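Come along and check each entry against the picture.

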Amino acid sequence: MVDDHNLFRRGMATILSQVPDFELVLEASNGQEFIDKIPRRVPDVVLLDLQMPVLDGTATADYLRDNYPLIKIVVLTMHDEDRMVLHLLEKGVSGYLLKDSDPDEVELAVRKVMDEGVYLNEFVSKAMLRKMTNKTTVVKPSPNAGLYNGKVVLSEREKEVLKLICEGLSTQEISEKIFLSPRTVEGHRLRILEKTGTKNTAGMVAYAFKNNLM
């Protein structure tokens with residue numbers, strides 16, 4: 001838990017500590033304090049606030065993606081702007097929750113990002129849809145993306161896999177639905193990540209909606 005509001009952080013810590021298979025291994029009041037503590041015990045998931053002193057959540061997420069890419073990041077914040085949601089998902093955040101979320105949803109989000117690498121709730125899905133229907137969207141692919149006439153080019157199979165990923169299906173579920181081995185599905189997923197220049201499944205989904213690839 002990384003949050004500068006002690007009362008909220010301690011309350012959430014108390015709630016999560018009651019989940020039988022959860023263990024709270026680190027608490028911090030800002031990003032820098034969290035980074036300094038990581039070597040002692042590397043967590044699987046971090047619940048990260050955005051607006052904090054010393055080092056804010058966005059800068060902390062950047063550091064984690066570069067130095068601890070296996071740590072899953074679930075943002076837990078009061079900021080509900082669509083722009084912020086999509087920006088952080090593209091940067092590699094695995095989930096985005098508002099602080100008025102039910103504690104059960106926080107537990108669900110942690111489990112989802114551990115099992116499937118991403119948690120997209122109704123709030124995030126609506127933010128993606130609003131962006132998708134904004135006709136003024138300008139496609140700006142990553143410099144590392146596969147380009148053709150300035151746009152990301154996906155094969156028909158890659159489009160099919162991406163569509164199913166955006167619908168929330170796991171690798172195994174996609175494998176069974178389109179009759180490919182899980183290894184082949186994972187290969188398509190990795191190529192989509194490379195072409196779009198995104199860092200994880202959440203970022204790939206956000207990119208797809210933001211740039212009208214679906």
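The entries below go from the whole chain to single residues.

**Ground rules**

I am working with a predicted model, where local features need pLDDT of at least 70, side-chain atom pairs count only at pLDDT 80 or more, and totals for chains, interfaces and linings use all residues. Residues are numbered from 1 along each chain as its sequence is written, and side-chain values use heavy atoms, with hydrogens and water left out.

**Entry 1: the whole chain**

I looked up the helices and strands, which are DSSP runs numbered from the N terminus (helices are H or I, at least four residues; strands are E, at least two). The chain has 10 helices and five strands.

Next I checked burial. Buried means under 20% relative accessible area, exposed means over 50%, and partly exposed is in between (1.4 Å probe, protein chains only). Of the 214 residues in the chain, 45% are buried.

The chain exposes about 11300 Å², and carbon and sulfur atoms supply 52% of that.

Then came contacts, meaning heavy atoms within 4.5 Å. Taking contacts between residues at least 6 apart in sequence, 59% join residues at least 24 apart.

**Entry 2: the cores**

I searched for nonpolar cores: sets of buried Ala, Val, Leu, Ile, Met, Phe, Trp, Tyr and Cys residues joined through side-chain atoms within 4.5 Å. In soluble globular proteins, nonpolar side chains tend to be buried together.

The largest core here has 46 residues, and Phe34, Val46, Ile73, Tyr96 and Met128 have the most contacts inside it. Helix 10 gives the largest share of this core, seven residues. Apart from it lies another core, of 13 residues, including Leu47, Val74, Leu76 and Tyr119.

I zoomed in on Val46. Not counting residues up to four places away in sequence, Val46 touches Val2, Phe34, Leu64, Ile71, Lys72, Ile73 and Val74.

**Entry 3: helix 10**

How many residues of helix 10 are buried? I found that nine of its 10 residues (201-210) are. Among them are Met204, Val205, Tyr207 and Phe209. Just after helix 10, Asn212 takes a positive phi of about 55°.

**Entry 4: aromatic pairs**

I used this rule: rings of Phe, Tyr and Trp (its six-membered ring) pair if their centres lie within 6.5 Å; planes under 30 degrees apart count as stacked, over 60 as edge-to-face and the rest as tilted. By this rule I get two aromatic pairs.

The Tyr63 and Tyr68 rings have centres 6.4 Å apart and planes at 45°, so this pair is tilted. Tyr63 is partly exposed at 30% relative accessible area, and Tyr68 is partly exposed at 21%.

Tyr96 and Phe123 form a tilted pair as well, with 6.1 Å centre to centre and 35° between the planes. Tyr96 lies in strand 3 (residues 95-98) and Phe123 in helix 6, so the pair ties together parts that are 27 residues apart in sequence. Tyr96 is buried, with a relative accessible area of 0%, whereas Phe123 is partly exposed at 21%.

**Entry 5: Asn121**

Is Asn121 buried or exposed? Asn121 is buried, with a relative accessible area of 8%, and I found it in the loop between helix 5 (103-116) and helix 6 (122-132).

I then looked for polar contacts, which are pairs of N or O atoms within 3.5 Å; within protein, one must be able to donate a hydrogen and the other to accept it, and residues adjacent in sequence count only if both atoms are side-chain atoms. The side chains of Asn121 and Glu105 are joined by one of 3.1 Å. The Asn121 side chain also reaches the backbone nitrogen of Val124 at 2.9 Å.

**Entry 6: positive phi in loops**

Most residues other than glycine have a negative phi, and most peptide bonds are trans. I noted two residues with a positive value.

Val54 is not a glycine, yet its phi is positive, about 70°. Val54 is in the loop between strand 1 (45-48) and helix 3, and is exposed at 67% relative accessible area.

Phe179 has a positive phi near 60°. Phe179 lies in the loop between helix 8 (171-178) and helix 9 (182-196), and counts as exposed at 75% relative accessibility.

Key:
Accessible areas come from the Shrake-Rupley method with a 1.4 Å probe; for residues, only the protein chains shown count as cover.
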